[in-house]
Amino acid sequence: MQTHAPGIAYGNGRSYGDMCLNPGGVLWHTRGLDRLCSWNAETGMLVCESGVLLRDIQQTFVPKGWMLPVTPGTQFVTVGGAVANDVHGKNHHAMGSFGDQILRLWLARSDGQIIECTRGQASEWFFATIGGMGLTGVIVRVELKLRRISGPWLDTETIPYGSLDEFFGLSDASEAAWEHTVSWIDCLSGERTRGIFMRAKPSAATIGPLPKSGTRRMPVTPPVSLVNHMTLRPFNIAYHRLQRWKAGQAVAHYEPFFYPLDGLLEWNRMYGPKGFYQYQSVVPRAAGPDATREMLREIGRSGEGSFLAVLKTFGSRAGPGMLSFPRPGVTLALDFPNRRDSTLRLFSRLDEIVLAAGGTLYPAKDARMSRRMFESGYPRLAEFLPFRDPGITSSMSRRLLGS
Ligand SMILES: Cc1cc2nc3c(=O)[nH]c(=O)nc-3n(C[C@H](O)[C@H](O)[C@H](O)COP(=O)(O)OP(=O)(O)OC[C@H]3O[C@@H](n4cnc5c(N)ncnc54)[C@H](O)[C@@H]3O)c2cc1C
């Protein structure tokens, strides 16, 4: 990779903001780096190129009894993108983040140098690149460890709850025995916040419901957002009723449990031409209940609303990268239709709550946080900066780092 125009790696474009955008510059599309290079069926060590999709790893290795130990809420993500954001799954309390599963990285710098790094060799490059937002170079190859599984099934339980205290009680009580925990929250339900808590663990079942076959796709972009003042409350009520009806224990295939949105391709079109923002925060566990309550109150007052609202606790392990987002605490992720100034005004008020609680935002989901907010949430930034590649820049790096 030798180039004179500043560029940035572009994986599968599944980050929500401007971290893989570079108007006026170059995007290095990595999907062509799609080879599985070596596989050890004794140890589960896989070496692959960085443009391989997580879906391809799952589909190749699940039938062989192996799986990615950590996977985000979509499998349409490249391995390089998953490293660059040190992505997390629903099992952070049990397995940590994606970076925790990485053994070796091969990094191409814009001056043509290739750096091979591990936890023990050129380790500062390793820890700068995990969660490094693509700014240290282009990851070309990755060695990672898969985990053994007895099949594609999960034992799941769906539990409706009626307050934030109940949510935190369920989270604390589930972490020891349930590998995966997550919850949907009705952010319009007022002071007695209701939601649906879902937990799961690997199952020994040998049979279960297969995921629906065939690809469904949002067929058109409607002229206005389908998620709006008129639809949001009925959407949330209907979703809550449906999930209440499904409450209880079940065996589920890993795909619908891990990747519920992958069942409808281009679902983002439902937000219409103005699109949407996601706002994902993390605050320390002790501040979690009050900060979450305050954010929900602020959202209620603002008249903005979110259909896809996810509340989850992270485990005690901080991500390994210098700029990793996952850290002990409570993370709240909310999608909002883009209503321009009024949405941005709400985010500024949410920022103050997150900052006061000692929290921060997830760059993978961000398109507007301030430099002040980024600097205060990522205290190892000064340690990271010397590892930046001078030939790499993105819209996000210019916004948050000035270049
Ligand atoms: C429906 C949905 C659910 C999601 N759920 C989760 C979740 O549960 N947890 C979570 O953590 N995230 C989640 N995400 C976010 C997603 O996992 C991350 O944004 C991921 O990094 C996207 O990977 P990508 O391959 O699409 O990369 P892109 O979006 O194309 O790029 C993301 C960043 O990675 C860098 N990058 C990509 N490839 C390389 C490379 N080869 N070398 C160096 N840098 C590279 C880019 O420069 C950019 O900075 C979700 C996203 C969606 C759409």
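Start with the interface: 38 residues of domain 1 are in contact with 35 residues of domain 2, where contact means heavy atoms within 4.5 Å. This is a predicted model, in which local features need pLDDT of at least 70 and side-chain atom pairs count only at pLDDT 80 or more, while totals for chains, interfaces and linings use all residues. Residues are numbered from 1 along each chain as its sequence is written, and side-chain values use heavy atoms, with hydrogens and water left out.

Domain 1 is 7-149 + 378-401, and domain 2 is 153-199 + 229-249 + 276-373; the bounds come from an automatic or database domain assignment. Their C-alpha centres lie 25 Å apart.

Between them, domain 1 and domain 2 bury about 3,200 Å², 60% of it on carbon and sulfur atoms. Buried area here is the accessible area (1.4 Å probe) that two parts lose on being put together, summed over both. On the domain 1 side, Tyr 16, His 93 and Tyr 378 supply 27% of the area buried against domain 2, more than any other three residues.

There are three salt bridges between the two domains, a salt bridge being a side-chain nitrogen of Lys or Arg within 4 Å of a carboxyl oxygen of Asp or Glu.

Now the cavities. On a 1 Å grid over the protein atoms alone, a cavity is a set of points where a 1.4 Å probe fits but cannot get out; a pocket is an open set with protein on both sides within 12 Å along at least five of seven lines; lining residues have an atom within 4 Å of a point. Points are joined across faces, edges and corners, and a volume is the space filled by probe spheres set on them.

Searching the whole structure gives four cavities of 30 Å³ or more. The largest cavity has a volume of about 70 Å³. Its lining includes Met 67, Arg 147, Trp 153, His 180 and Tyr 254.

Where does the largest cavity lie? Both domain 1 and domain 2 give residues to its lining, so the cavity lies between them.

Last, the second largest pocket, with a volume of about 300 Å³. It is lined by 18 residues, of which Ser 225, Val 227, Asn 228, Pro 337 and Arg 339 are the closest to its centre.
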